[in-house]
Amino acid sequence: MNERRSKRSADRSEALQFLVESVADRSGAPALVLVDDAGRIVAGMGMPEEVMGLARTARDVAWGKATAAQVDRAMRGRDVTARSVATPGGMLYFAALGERMSGLGDASHAVRRILAS
């Protein structure tokens, strides 16, 4: 099997941070976060204002409950893409700047793998 990961860590927090950075790099996303159900940032990358805006909107965007006005207020008119990730410890959410985000399916599997170890 061809190993695709270039950065690895046995520490879960660090492994999740490496994953977020890798997905953002591959997708060209200027900001990407992984947040818990309460909106706390588990891992993220990007400008602080963008990261905080993504954290505030991730859950509602993922569930289709965010209004355009809410997203515009949090992100100053920039589009947000979000996806939920069910884990044994609860729901997590990826959120990124942009209309589309590639690789989140594989990233969701990776999150579950990291948290299971």
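Which side chains does a polar contact of 2.6 Å join? They are the side chains of Glu50 and Arg78. The model is a predicted one. Its protein chain holds four helices and four strands, and from the N terminus on these elements run α-β-β-α-α-β-β-α.

**Overall form**

- The radius of gyration of the protein chain is 13 Å, close to the 13 Å that the globule rule gives for 117 residues, so the chain is as compact as a globular protein of that length.
- The C-alpha trace spans about 45 × 30 × 20 Å along its principal axes.
- Buried residues make up 37% of the 117 residues in the protein chain.
- The protein chain exposes about 7000 Å², and carbon and sulfur atoms supply 49% of that area.
- Among contacts with a separation of 6 or more, 45% come from residues 24 or more positions apart.

**The sheet**

- The four strands form an open sheet in the order S2-S1-S4-S3, and their pairing is antiparallel.
- Strand S2 (41-45) and strand S3 (80-87) stand at the edges; each has a single partner strand, so one side of each is left without a neighbour in the sheet.
- From one strand to the next, the twist averages 15 degrees.
- Strands of a sheet pair through backbone hydrogen bonds, either parallel or antiparallel.

**Strand pairs**

- S1 and S2 pair in the antiparallel sense over four bridges, and in this pair Val33 stands opposite Gly44 in S2.
- S1 and S2 also form a hairpin, with four residues between them.
- Gly39, in the turn of this hairpin, has a positive phi of about 85 degrees.
- Eight bridges link S3 and strand S4 (residues 90-97), again in the antiparallel sense.
- Val85 stands opposite Leu92 in S4.

**Helices on the sheet**

- Helix H1 (residues 12-27) packs on the sheet and touches strand S1 (32-36), S2 and S4.
- The direction of H1 makes about 40 degrees with that of S2.
- Helix H4 (residues 104-116) packs on the sheet as well, touching S1, S3 and S4.
- The direction of H4 makes about 35 degrees with that of S3.

**Glu50**

- Glu50, one partner in the polar contact with Arg78, lies in helix H2 (residues 48-62).
- Is Glu50 buried or exposed? Its relative accessibility is 16%, and because residues under 20% relative accessible area are classed as buried, Glu50 counts as buried.
- Leaving aside neighbours within four places in sequence, Glu50 is in contact with Pro30, Ala31, Met75, Arg78 and Leu97.

**Arg76**

- Arg76 lies in the loop between helix H3 (68-75) and S3.
- Arg76 has a positive phi of about 50 degrees although it is not a glycine.
- With a relative accessible area of 64%, Arg76 is exposed, because the exposed class begins over 50%.

Definitions and conventions:
Residues numbered from 1 in each chain as written. Predicted model: local features only at pLDDT ≥ 70, side-chain atom pairs only at ≥ 80, totals over all residues. Heavy atoms only, no water. Pairing = 2+ DSSP bridges. Helix = DSSP H or I, 4+ residues; strand = E, 2+ residues; numbered from the N terminus. Axes fitted to C-alpha atoms, helices over the stretch in contact; angles between N-to-C directions. Contact = heavy atoms within 4.5 Å. Buried < 20%, exposed > 50% of the residue type's maximum accessible area, 1.4 Å probe, protein only. Polar contact = N/O pair within 3.5 Å; in protein donor to acceptor, adjacent residues only side chain to side chain. Rg over C-alpha atoms; globule rule 2.2 N^0.38 Å. Areas by Shrake-Rupley, 256 points an atom, 1.4 Å probe, with all protein chains shown as cover.
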